Protein chains: 4
Amino acid sequence: MYKVGIVGDGYTAADLLRLLAGHDEAEAVCIFSTENIGRRIDEVYPHLMGFSDLKCQAGDWNLIKNECDAVFLALPHGLSVPIAMELLPAGVRCVDLGADFRLKDALLYESYYEITHEAPHMLQEAVFGLPEIYREKISKSRLVANPGCFPTGAILPLAPLLEAGMVESQGIIVDSKTGVSGAGKTPKASSHFCGVNEGIRAYGVGNHRHGPEIAQELSFAAGEKVKMTFTPHLVPMNRGILTTIYARLRSGADALQVRKVLENKYRDEYFVRVLPQGVMPYTKWVNGSNFIDIGIHCDEESGMVILVSALDNLVKGASGQAIQNLNIMLGMEENKGLKIAGMYP
Amino acid sequence: MYKVGIVGDGYTAADLLRLLAGHDEAEAVCIFSTENIGRRIDEVYPHLMGFSDLKCQAGDWNLIKNECDAVFLALPHGLSVPIAMELLPAGVRCVDLGADFRLKDALLYESYYEITHEAPHMLQEAVFGLPEIYREKISKSRLVANPGCFPTGAILPLAPLLEAGMVESQGIIVDSKTGVSGAGKTPKASSHFCGVNEGIRAYGVGNHRHGPEIAQELSFAAGEKVKMTFTPHLVPMNRGILTTIYARLRSGADALQVRKVLENKYRDEYFVRVLPQGVMPYTKWVNGSNFIDIGIHCDEESGMVILVSALDNLVKGASGQAIQNLNIMLGMEENKGLKIAGMYP
Amino acid sequence: MYKVGIVGDGYTAADLLRLLAGHDEAEAVCIFSTENIGRRIDEVYPHLMGFSDLKCQAGDWNLIKNECDAVFLALPHGLSVPIAMELLPAGVRCVDLGADFRLKDALLYESYYEITHEAPHMLQEAVFGLPEIYREKISKSRLVANPGCFPTGAILPLAPLLEAGMVESQGIIVDSKTGVSGAGKTPKASSHFCGVNEGIRAYGVGNHRHGPEIAQELSFAAGEKVKMTFTPHLVPMNRGILTTIYARLRSGADALQVRKVLENKYRDEYFVRVLPQGVMPYTKWVNGSNFIDIGIHCDEESGMVILVSALDNLVKGASGQAIQNLNIMLGMEENKGLKIAGMYP
Amino acid sequence: MYKVGIVGDGYTAADLLRLLAGHDEAEAVCIFSTENIGRRIDEVYPHLMGFSDLKCQAGDWNLIKNECDAVFLALPHGLSVPIAMELLPAGVRCVDLGADFRLKDALLYESYYEITHEAPHMLQEAVFGLPEIYREKISKSRLVANPGCFPTGAILPLAPLLEAGMVESQGIIVDSKTGVSGAGKTPKASSHFCGVNEGIRAYGVGNHRHGPEIAQELSFAAGEKVKMTFTPHLVPMNRGILTTIYARLRSGADALQVRKVLENKYRDEYFVRVLPQGVMPYTKWVNGSNFIDIGIHCDEESGMVILVSALDNLVKGASGQAIQNLNIMLGMEENKGLKIAGMYP
C-alpha cells in the first residue's frame, strides 16, 4: 500500500480523499491545512464520515519525508515551489495540482501570476501531467504538474489534430463553460450563491491564466506557435466543464480524417471517450468521474471544425487526473481508484 | 414627490431601489454605505443602470434630516437604534428593515442578538410593520419595525385563526423553507454556491432569531402565550419563502370555519391571496412581487390544520413590505409602486 | 387604450400578460389557446392572479377583427401564416413571435422548418422586428416578424460593425448560452429538470434554426454574404441568453473605432446598454427586463474582437421586444410598459 | 458471481447499474424496457458508457428464470405483482422497488393506488425492505418490498423512539423535502425545469401515497396505531431528501435518553450515521451514497423532539437500499458495492 500525503484542504483535497477511499493500493495518511488545523477532515467535509479519520495538521515536511511515497500539493499558486524543493530530494514524488510547474516559461508565469518564480530551473524537470500525451515521461518523473481544469478540456481534443496537421494553428477559439467549484472553496462575491445562480457570464476575457497553458501545449503539438483565443464562462452548477472549440479545417483535410485522427489517438485510452457522429458530450455524463468525452462536428462547407469536450473539473480536471498521474508514477494500473461511472442525474 | 433615503447597500437596499423606480410619488434621493462609498449604485448593482444614478455615500444624518421625508434602515441589527434616535426627533419617519425594534421585550432581544439594546424605551413606540394587522397604528407612527422575512409568512396565516380561537395555541409547528438571498450579500461559507446548490438543510434549529418574533405576534393574536416550534431550512434558490404550518384544530372548529376566517380577514387585502380549496401556494407565483399566497388544508379526522404560505423574502418579506409601510405612513395609496405581478418562470 | 389579442398560451404569452399589466395604453382583451380552453389564464399561470381575468378561448378570428387593434401570435412555426392572412386584411396589426415571417427566403424556411410556407409573398411585406435596426419600417408596417431569441443577441452587437466594415464578414463565431425557458412550456426530455440541472451542453450544432436568421441579418448589414458558425448551449437557469461572439478585426480597424461605432449606434437607444471598457455583461443584470447589454473586448495583437451580449430570452428575446414593436407600430412611446429594471438577485 | 436482472429503465434502474458496476459479487445480466427496446442502455444513459453493454429488451420472464438469481423490479405500481407471481415459484428472488408489496393492507393499497391488488395473499410473505429493522426476515425472504424514498427517511429516526416509548405516538409531523428525481424520468409539467427551478412547494398535502406506508411501520414500532401528518415538498435539486420530524417527548423521557436510544440502535449500522449533538444533517453529505444521517434536537422546555434525516432518494431511498437487500438475501456482505462516499460538492 503506497502512502500519500495531501497538502491543502480545499475542494480538490476533498475529492482526492473521496477517490482514494476506493483505491486499494494507495491511501492518504496525512492532510495539511492552515485554517482547519486540529479538526478531523470528516468534520470539515462530513461526506467523508466513515472514509477518513485523518486530522488536519500544520505543514510538517519531515513527516511527509518519513511516511509518504508521494504527495499531492493542492495549494494556491506560489506555495508549491518551496515544498516541492524540500520533498523531491528526499525521494517523495510530487503531483502539484496548482499552477507552479505548468508553464515552461518562467517569465510568462510571472507575468500571469504576478509573483516571482522561486525555482525556474525545476520547470524543465516537471512533466505536464496529461497522461494521454505525456504518459511515458510521467512514468519516469518525480514532479508532475497536473494541468489546469480548462487546459485538459482544450488540449485533448485539439492536440492530435494540430499534430496531424488537420486544422489551422491560427485563429482557434476555445469557449469554455465551467461549474462554480473551479473557483475554490473560499467564499467570494463571485461564488456567492445569489451572485451566480440563474445567470451566466464570461470572465477573465482575454487574460485568463489558463490561456498561456493551453497555448503552450497546443504549440508543442503543432510544432509552431499557436494563436488561440480562450474565453471561460461561469455556469450555475457545481461541477463540470464544457469546452466548445472552433478551428479551421486545413485545406486538404476532411471530416472523416478529423474523426479518424481522434479515434485512433484515443482508441485505447480508458478515460477518453470519442463520441459517435451526431452525439455531442454533456457534462452530466461525466459527473464525478475521470472521463473526458469528445464530440466532433465538421462543417466542410464553411471549413469549420467544432469540437466539444466535457469533463468534471474536480476529477479529470484536477483530483482524478492527479491520481491517474500518481498511478503512472508509481507503476500501478493507471485506472486504479478511478473506475467509477458518472452519477446521473 | 416624497423624498426618501436608504441606509445600507445590501440586497434589500437594491430591491428598494428596483421598486421605487416604479413608484410615482416617492423617490430615493440618497443611499448610504460603508463598503461602497463613492461608487455609483448602478456600478454596485448594474441591473439598476438607467434607474438610479445615486452615488453611495458615508452616513450623513444631517443630509437626511434636510432632504428626506422618510428613511429606510437596511442594516445589520444594532445599527438602526442610534440612527433612529437621531432622525425621529427631526421629523424623519423611519422604516427599519432590521431587527432592532421588532421585539417588545428588550431582554429577549438582548438574549437572542447578544448585544445591549440602547433604547428600550423606543420599543413601545415602534409599530410592528405588518399592515394587514397593524395598518391603523402604522398610519400614525413615526417608527415602523418591518417584520423579519419568516415572521410575515407565519403570522399572516396563523394570527386570524388564533384570534378567532380556531386552533390550539400550543404545539404549533412552523416549518419554513427560504431562498439564499435571506442570508444577505456578504460572502460566507453558508452562502457559497457550491455549499448550497443541490442540497437542503435545516439551520438554527431551536434557536433562530425569528422564533421569538413569531411567538410574540402569535401570542398577541391569541391573547395568551403561544408555544411554537420554528425550524427554517435553506433551499437552493435565490428568492422565496414557503412556510408550512401545523396547528391543531380546536374542538368545535371545522374546516369550513377555518377557511371562512381567513377569507373574511383577507378579502379586501390587495397583497394577500387566499387560494381556493385544493390549491397550495408556490413561491414561484409570488417571485419579485409583494404578494403572500395562503393555502389551507384541514384534516378533520386527525384534527390537524395545515397552512402553507408563500412570499418573496426580499419583497413582502422585506423591501416591498417596507414600501407598503411607507405608503401608509405618508398617506399614499397602499399599493403604490407595488402593483407588479410575479415573474414566471 | 389599444386593445390587443394574444394567440397562444405558452411562456411568451404569459410574459406578454405580465408586461401588459403595467402598460397604460394597451391591454390584452382576449387570449386563445388549444389546451386550456375554458380555464382562466390566472389558473394556468397563478402569478397573474389579480392582473388578468381573461379566460382562454378557442381561436376566433372574428372576435379579434371586431375587438382588437393588434394581435400577438405566440405559436409554433407554421401556425401564424394562415392567421396573419386572415387578420391583416381586416386591419389588425400582427406581431408574430414565431418563425414564420423572419426569413426572406421561403426555400430556406422550408429546408430548416421542414414544412411548406403557405404565403411566401408575405415575406417581403413582413418587417424583421428589431427596432434598433428597422424602427422606421416597423412604424409603417402591418406585419412584424419578431426576431428569435438568439438572433437578437447576435445581430445587435455585430450588425453595426459589419456595416461599418470594422470586422471581417467571414469566419464569425456566435457561441450562445441560453436558459431553459427558450425550449417552451411543453414537457420534454430535454427540459426535464433532472436532465438539465447541473449540466451544460451544446445542441443543434451546425443546424440550429436560428442560424440562417442570424446570417440573413448579418449579410444585410455587411452588404455581402456573411459566413458564420452558430452554436447554442443549454444552461441550467430559467431565463437569459449570453452570446459570445468572435470576429476578426478588419485590417486598419482598431479597438477604439470598434467601441466608437457601437457607442454611437446605441447612444440614444433606451434598451441597449453598451458597457464601459473592462465590464462584461451578465444575464442576471437584465433578468426580467427588455434591456440588452453589450460588452466589447478587442485583442489587437491577435486581431480578434470579442463581443458579449446579455438579454432575457423571454423579454428582449421575445415578449418585451414584441411590445416594443407594438408600441412603434401604433405610435406609442417605444418603452411604454417596458420601463422596468431587471430583478437581482 | 450472482446474476441479476433489472426490469425497468428509469432513474432507479440507471442507479442500480451505476452501483452494480462497482459490485464484485453480483452483476446485471439483462435489462427490460418498454420504450427503449433494442437500444443499448449506455445510449439511453451515456454516463454508463464503459460500464454496461447491455441492450434493453422486451420483458422475457423465461430468460430471467434461466439466467438470474434475483431480479430488481423498478416499475410503476401495479406492474410488479404479475411478474413476481411468475418468478418467485421459479426460485428467482425479487426486490420490488415499486409500491406493490409495501402495504400489508390490500384495501389501503387499493384506496391509495386506485387499482385492484392482484395478489393480496403475497402481502404477508413480502418483507418490508428496511434492513436496519427487518434484516433477519430479509435474509430468509424471497420477496422484498423496497421502501419508498420518503418512508426510509421517516421510519429510521422515529421507529426506535416509538418502540422505546420515548415519544408520543399521536400528533407526529413528518415534513419532507425531496429532489426532483423522485418524480421519475418521464417528462411532466411538474418536473419541467422551468416549473421547478427557483421555487419550492408542498404537494400531495394530506393524501400522498407514502403516508400510509410510514404510518404502517411507525404503528408496528409503537405497538399501537400511530397518527401522523406527512407533507412532502419539491426542492429544486436532482437528488436528496431531507425529512424534518416533530414529535412530543413522552413525559418522563428526556433529551439524553432520546439520543441514547438512537445511538444504541444504530451504533453498528454501517449506513446509519447518528450525528453528534448540535450537528444537523445535510443532503449534500449523502449525495450518491447509501447513507442516512440523523440529527437530533430536543427542546425539553416545549417538550418537542425534532429529528432531521438526510438521504439520497435514489440510493438509500431506492437503488442502494435494494442492493443492500439483495446482499442480505443472497448472503453477501451487506455493504458490497455500497462502500462509496457521498460526492461533495
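Student: What distance separates the centres of domain 1 of chain A and domain 2 of chain A, taken over C-alpha atoms?

Tutor: This is a predicted model, and the distance should be read as a property of that model. The centres of domain 1 and domain 2 of chain A, taken over C-alpha atoms, are separated by 24 Å. Domain 1 of chain A is made of residues 2-147 + 316-329, and domain 2 of chain A spans 150-313.

Student: How many residues does the contact take from domain 1 of chain A and from domain 2 of chain A?

Tutor: Domain 1 of chain A gives 20 residues to the contact, and domain 2 of chain A gives 23 residues. On the side of domain 1, the elements that give two or more residues are α5 (106-113), α7 (131-139) and α12 (315-329) of chain A. Six residues come from α12(A), the largest share of that side. By class, the side of domain 1 that touches domain 2 has eleven nonpolar, five polar and four charged residues.

Student: At what angle do α7(A) and α12(A) pack?

Tutor: For a helix pair, one reads the angle, the distance between axes, the handedness and the residues that meet. The angle between α7(A) and α12(A) is about 35 degrees, and their axes are 9 Å apart. The crossing of α7(A) past α12(A) is right-handed. From α7(A), A:P131, A:R135, A:I138 and A:S139 meet A:Q324, A:N325, A:I328 and A:M329 of α12(A). This contact has four nonpolar, three polar and one charged residues.

Student: Are α8(A) and α10(A) roughly parallel or roughly antiparallel to each other?

Tutor: Helix α8 (residues 149-163) and helix α10 (residues 210-222) of chain A pack at an angle of about 20 degrees, with axes 8 Å apart. Angles under 35 degrees count as roughly parallel, and α8(A) and α10(A) are therefore roughly parallel to each other. Among the residues that make the contact are A:F150, A:I155 and A:L162 of α8(A), and A:I214, A:L218 and A:A222 of α10(A). The residues of this contact divide into eleven nonpolar, one polar and three charged. The crossing of α8(A) past α10(A) is right-handed.

Student: Why is helix α1 of chain B largely enclosed by the rest of the structure?

Tutor: Helix α1 (residues 11-20) of chain B is largely enclosed because ten of its ten residues are buried. Among them are B:D15 and B:R18, together with B:L16, B:L17, B:L19 and B:L20. The cover over the buried residues of α1(B) includes β1 (2-7), β2 (26-32), α2 (41-44), β4 (70-73) and α12 (315-329) of chain B.

Student: Does C:D312 count as buried or exposed?

Tutor: A residue is buried if 20 or more other C-beta atoms lie within 10 Å of its own. C:D312 has 31 C-beta neighbours inside 10 Å, so C:D312 counts as buried. C:D312 lies in the loop between β14 and α12 (319-329) of chain C. Leaving aside neighbours within four places in sequence, the contacts of C:D312 are C:R239, C:G240, C:V286, C:N287, C:G288, C:S289 and C:G317.

Student: How many residues from chain C and from chain A does the contact between these chains take?

Tutor: Chain C gives 36 residues and chain A gives 36 residues. Elements that give two or more residues to the side of chain C include β8 (172-178), β10 (228-234) and β11 (241-248). That side has 16 nonpolar, 13 polar and seven charged residues. Between chain A and chain B, 13 residues of chain A are in contact with 13 residues of chain B. The side of chain A that touches chain B has six nonpolar, five polar and two charged residues.

How values were computed. Residues are numbered from 1 along each chain as its sequence is written. Chains are lettered from A and ligands numbered from 1 in the order in which they are written. This is a predicted model: local features need pLDDT of at least 70, side-chain atom pairs count only at pLDDT 80 or more; totals for chains, interfaces and linings use all residues. A residue is buried if 20 or more other C-beta atoms lie within 10 Å of its own, exposed if 12 or fewer, and partly exposed in between; C-beta atoms are placed from the backbone. Helices (H or I, at least four residues) and strands (E, at least two) are DSSP runs, numbered from the N terminus. Two residues are in contact if their C-beta atoms, placed from the backbone, lie within 7 Å. Ala, Val, Leu, Ile, Met, Phe, Trp, Tyr, Cys and Pro count as nonpolar, Asp, Glu, Lys and Arg as charged, and the others, Gly among them, as polar. Axes are lines fitted to C-alpha atoms, for helices over the stretch in contact, and angles run from 0 to 180 degrees between N-to-C directions. Angles under 35 degrees count as roughly parallel, over 145 as roughly antiparallel, 65 to 115 as roughly perpendicular and the rest as oblique. A crossing is left-handed if the near helix is turned anticlockwise from the far one by less than a right angle, and right-handed if clockwise. Domain bounds come from an automatic or database domain assignment.
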